[in-house]
Amino acid sequence: MSEKDLKDNELSDSVDEEKRDFLFITTAGLAVAGGAVTALSLIDTMNPAKDVLALSTTEVDLAPIEEGQSLTVMWRGKPIFIRHRTSEEIRTANNTSVSDLKHMASDESRVKNPKWLVVVGVCTHLGCVPLGQKVGDNKGEFGGWFCPCHGSHYDTSGRIRKGPAPLNLEVPPYDFVSDDIIKIG
Amino acid sequence: MKEKEIDNSKGISGWIDKRLPVFTFINHNLRDYPTPKNLNYFWNFGSLAGITLVIMIITGILLAMQYTANTEIAFDSVERIMRDVNNGWLLRYIHMNGASMFFIIVYIHMFRGLYYGSYKYPREILWMLGVVILLLMMATAFMGYVLPWGQMSFWGATVITNLFSAFPIIGDYIVTFLWGGFSVDNPTLTRFFVLHYLLPFAIVGVVALHLVALHQFGSNNPTGIDVKSEGDTIPFHPYYTVKDYLGLGVYLIVFAFLVFFAPNFLGHPDNYIPANPLQTPAHIVPEWYFLPFYAILRAVPDKLLGVLLMFAAVLVLFFLPWLDKHKIRSANFRPFYKQFYWLFFINCIVLGWVGAMPAEGIYVLISRIATLYYFGFFLVIMPLLSKFEKTTELPSSISAAVISEKFDNKEPSTSESYVK
């Protein structure tokens, strides 16, 4: 046995297990924390970037849209359906009994001005764009929109009435900047 | 020491291991793997290079999600990464400086191999696979530098691809083929992007082969003496995992310092000017890690010869195991080789330095002398030393080298206390 080994043996008898555990746990803990922070900031690069977020509002001039006409605009890469509803359409939307609906919501709760319905034109089933914006389109059994992918029917308030979609067409956040201009987003 | 057996009959891991021996593999290669007990910190650089490769691939994949390989918008898409993408600046700076760190690590790794004779029998293929990795890294780094489409990107790409025009007759065809056109343009950028994304995975493949070749005979060690008994080794875990872990910590501190405090220190400001095919920057230099080879290129007044010498400077490394046939591996026991080695090391630094200087006056002379020594070291000095160099006395074993000579006779019991 060498001197060095004798020393080693002495040391191994007096190993402070608690100190070792402390060192082990703090080292591992620091590595995990550092790794997690690094991983999170790297994953965050995949979230919407500043320039994407900057494009998240759209202003629309409603003045050229006649009663009964529709307009589709883009907002965050998605179509927004704007419909200038006729008084007939408003009446049927209001006369529908809320409790009969699959996704209960009154027409009032879905508009800021009853003449204007603004909804996200994406079917709540699996993301197709429903028909009903153009003159010749099939508007479905309830006079609103009809999704050709899997046959969901929406009424004149954009509410789901028939078919597989679970929810009403989403109402995006928007405000009337003036009587004729809305700002979506 | 005996490897810990994994019980195939027990538990989920046993069930899996019997069918797919992953746990046996990990145990064999990362845990009980017998490793010479005298490795110094220069043996950290292999694992550091591997970790850097992983860092580069992860940040690279994330960058590729934001980057657009089109000459019209490539530069802007990189600026968008810097300004608009969440932590995009961090992502790009890690990747940018990671390339430099990768080369520092790999160069140290190679100089270590050169000093301790790690390329000698029976590790010739291990060394040659390493040179393949170096070549792939150089190609990948060069093409990556082109992607931001700044002035240095564009003119670097032009100059490097034009190297091939030096070859008689076929030269111009090769260059047109590389460009996919008649100048460095959009087709060049898109193919460079594709290859820059592809080659790292090729590197991963060669690294796997490098490791297989390494584990065939195990690591070399500072004495260069073969492992003779179990007492010469210690298990990889925990002894070298913890040593690698400490080295990694120090490395990441240096890396992070560059990224956070001097992210553009190793770069060139001209690359923040969008590429302009009508104007070459006044002073064009490659990235620092290519400078020694660039210096060799410029040292020669003849175009073709310069290009050939530059390629030869890398390719000569393939023949190293047959140029240096001296039986003793470690320079510690080769008094003459040791001196020539350090001169070679300084010579490489000098080459790098003159590579960054303008190609005129005294710099040309220095680069010529340095080029001469670069090749002289491999082609003349090494073969001559193999024949004539007398070595100093070698220790009888790794353990004997570790323990001072006077306790040598009781060696086995000594090593046991390490193995426990």
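What follows is a short chat about a predicted model.

Modeller: Quick ground rules: residues count from 1 along each chain as its sequence is written, and chains are lettered from A in the order in which they are written. The model is predicted, so local features need pLDDT of at least 70 and side-chain atom pairs count only at pLDDT 80 or more, while totals for chains, interfaces and linings use all residues.

Biologist: Why is Trp149(B) called buried?

Modeller: Buried means 20 or more other C-beta atoms within 10 Å of a residue's own, exposed means 12 or fewer, and partly exposed is in between, with C-beta atoms placed from the backbone. Trp149(B) has 24, so it is buried.

Biologist: And what makes Arg76(A) partly exposed?

Modeller: Arg76(A) has 16 C-beta neighbours inside 10 Å, so it lands in the in-between class. Its phi is near 55°, a positive value in a residue other than glycine. Most residues other than glycine have a negative phi.

Biologist: What makes S2 and S4 of chain A edge strands?

Modeller: Strands are DSSP runs of E, at least two residues, numbered from the N terminus, and two of them pair if DSSP finds at least two bridges between them. The open sheet runs S2-S3-S4 in chain A, with antiparallel pairing. Strand S2 (70-75) and strand S4 (116-120) each have a single partner strand, so one side of each is left without a neighbour in the sheet.

Biologist: How do you know that S3 and S4 of chain A pair?

Modeller: Five bridges join S3 (residues 78-84) to S4 in chain A. The definition asks for at least two, so they pair. Ile80(A), for one, has Val120(A) as its bridge partner.

Technical notes: Helices (H or I, at least four residues) and strands (E, at least two) are DSSP runs, numbered from the N terminus.
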